[in-house]
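Please keep the model in view while reading.

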Amino acid sequence: MTRSSYQPVYSFGSGDIPLSAQHSTSTSPPPVPQHQGGSDPFQKPHASNNDIELGAYGAGASSRGAYSYHPNEYPHQPPESLPPYTSPPPQRGQPYAMNAMPLHQQQAQHQQHQQPIGQQGPPVQQPYYGPPPVVMAQQQPMGKQRPAWKRALLGPVRVPIFSHLSAVAMLVLLIYELVRNSQLTGSVIQQPNLNPMIGPSFSVLVNIGAKFLPCMRPIPEVTDAQLYSQCFKNTDECTLATMCGFPTQTTVPDQSFRFIVPIFMHAGIVHYIVNMLTHMRLGVDLERTLGTPRYVLLYMGSGIFSFVLSATLNSARSASMGCSGALFGLIGFMFIDVLVNWKVIEHPVRELMWLLVSTIISLVLGLLPGLDNWAHIGGFVTGLVMGMLLSPMRPMATKNIKIITWVCRLIGLVVIIVMFAVGITKFYEYPDPTTICPSCKYISCLPVNGWCDNY
């Protein structure tokens with residue numbers, strides 16, 4: 001049974017005193033009853049059997065006040081070794097031992113705090129015997145209080161559906177590439193000139209859907225009658241229509257789907273594994289935070305514009321594929337996310353430097369032959385702009401911060417529309433997109449040791 005907080009914990013009435021002591025004519029004080037667990041620890045030390053007023057707390061109190069000692073209520077003395085009562089003083093009219101801890105628990109705590117004689121140590125904080133502390137409810141992570149339909153749109157979500165499905169789609173497409181290479185060349189991977197990514201040949205990748213400028217629009221330097229050597233086999237020659245998969249030899253190149261399909265293609269097994277290390281770690285975390293719709297916009301927007309920029313500024317003879325441009329978009333988004341949550345992140349400078357160093361290293365590696373650095377740059381820039389548009393509001397943001405955030409979102413929306421409009425328009429308006437910036441192809445390949453001979 002729970003004892004009421006207004007009832008004395010250890011009080012004794014006259015019925016607790018032996019009859020022999022009640023009828024005795026002796027002037028000695030009544031015998032002290034022995035109770036299990038020792039003496040009452042709640043009596044102030046050095047109290048006498050007379051009424052004792054407790055200094056400043058009991059000044060002016062009557063002999064039956066809240067801070068007086070009475071033999072019939074507290075007839076036994078506390079041991080000298082117990083720590084003093086340390087809870088805040090009770091209100092006037094309440095018993096002295098209110099809200100106190102049971103005696104055996106106080107004795108156990110006192111033995112733990114007791115130090116050997118002669119050994120000096122730090123002062124021991126006395127236990128608090130007052131009311132129990134108020135336990136505050138744990139704050140839920142940002143977005144958890146949203147309704148289910150809003151979490152599905154804006155996050156957070158538990159299952160990153162798009163990340164998992166896109167990874168499976170890329171794996172299925174990679175298997176199809178190997179099967180297609182076997183059908184066209186007689187080998188699962190490129191032979192005898194081994195593809196370093198352990199995958200299909202150049203012509204097979206173009207035939208399936210890689211980004212290849214002559215298949216996407218007409219350019220002056222490539223004609224319908226032009227033949228490509230080593231088309232599928234080392235001894236084969238084929239026309240552009242055969243390699244691109246056009247229905248007839250006179251079909252005008254217009255395969256705009258090559259802005260999208262290459263996102264899910266890979267040059268080989270090594271290429272797929274390397275990209276999945278980032279896709280299944282950073283991508284999964286961002287989708288859980290942003291929600292699937294916003295993450296799809298970020299991922300696909302970065303991937304598509306990466307190939308728009310690559311097709312416009314890169315060499316017309318190079319083919320590219322892979323989700324690297326979309327992954328660079330995720331890295332660009334992380335830059336904006338760190339800046340938005342600068343005061344919330346524990347080590348923002350370290351996070352920003354880590355992103356900066358990893359981005360620089362990746363772009364330097366993009367100078368090697370076979371890597372499309374313009375796709376990386378296009379995805380990264382798109383991620384920065386999409387970060388302004390899609391980045392969640394800072395936790396506990398003030399009114400001014402919210403206004404600034406919405407202004408940045410509006411600017412990001414305008415910039416991303418302009419980027420896509422200008423990029424696609426310039427790609428189709430110029431007679432030859434490669435003349436826009438003839439030297440820009442060296443951003444993807446350093447002119448060292450004949451690396452760029454095929455660019």
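Buried means under 20% relative accessible area, exposed over 50%, and partly exposed in between. The model is a predicted one.

**Disulfides**

A search of the whole structure turns up three disulfides. The table lists the pairs.

| Pair | S to S distance |
|---|---|
| C215 and C244 | 1.7 Å |
| C231 and C238 | 1.7 Å |
| C437 and C440 | 1.8 Å |

C215 and C244 link distant parts of the chain, 29 residues apart. C215 sits in helix α7 (residues 213–216), and C244 in helix α8 (residues 240–244). Their link is left-handed, with -70° about the S-S bond. C215 has a relative accessible area of 0%, so C215 is buried. C244 is at 3%, so C244 counts as buried too.

C231 and C238 are both buried. The torsion about their S-S bond is about 80°, so this disulfide is right-handed.

The disulfide of C437 and C440 is right-handed because its S-S torsion is about 75°. C440 is at 12% and counts as buried.

**Other cysteines**

C323 is buried, at a relative accessible area of 0%. C408 reaches 31%, so C408 is partly exposed.

**Helix α10**

Helix α10 covers residues 292–313. At 1.5 Å a residue, its 22 residues should span 32 Å. The end C-alpha atoms are 31 Å apart, which agrees. The helix α10 is mostly covered, with 18 of its 22 residues buried.

Note on methods:
Residues numbered from 1 in each chain as written. Predicted model: local features only at pLDDT ≥ 70, side-chain atom pairs only at ≥ 80, totals over all residues. Heavy atoms only, no water. Helix = DSSP H or I, 4+ residues; strand = E, 2+ residues; numbered from the N terminus. Expected span 1.5 Å × (residues − 1). Buried < 20%, exposed > 50% of the residue type's maximum accessible area, 1.4 Å probe, protein only. Disulfide = S-S within 2.5 Å.
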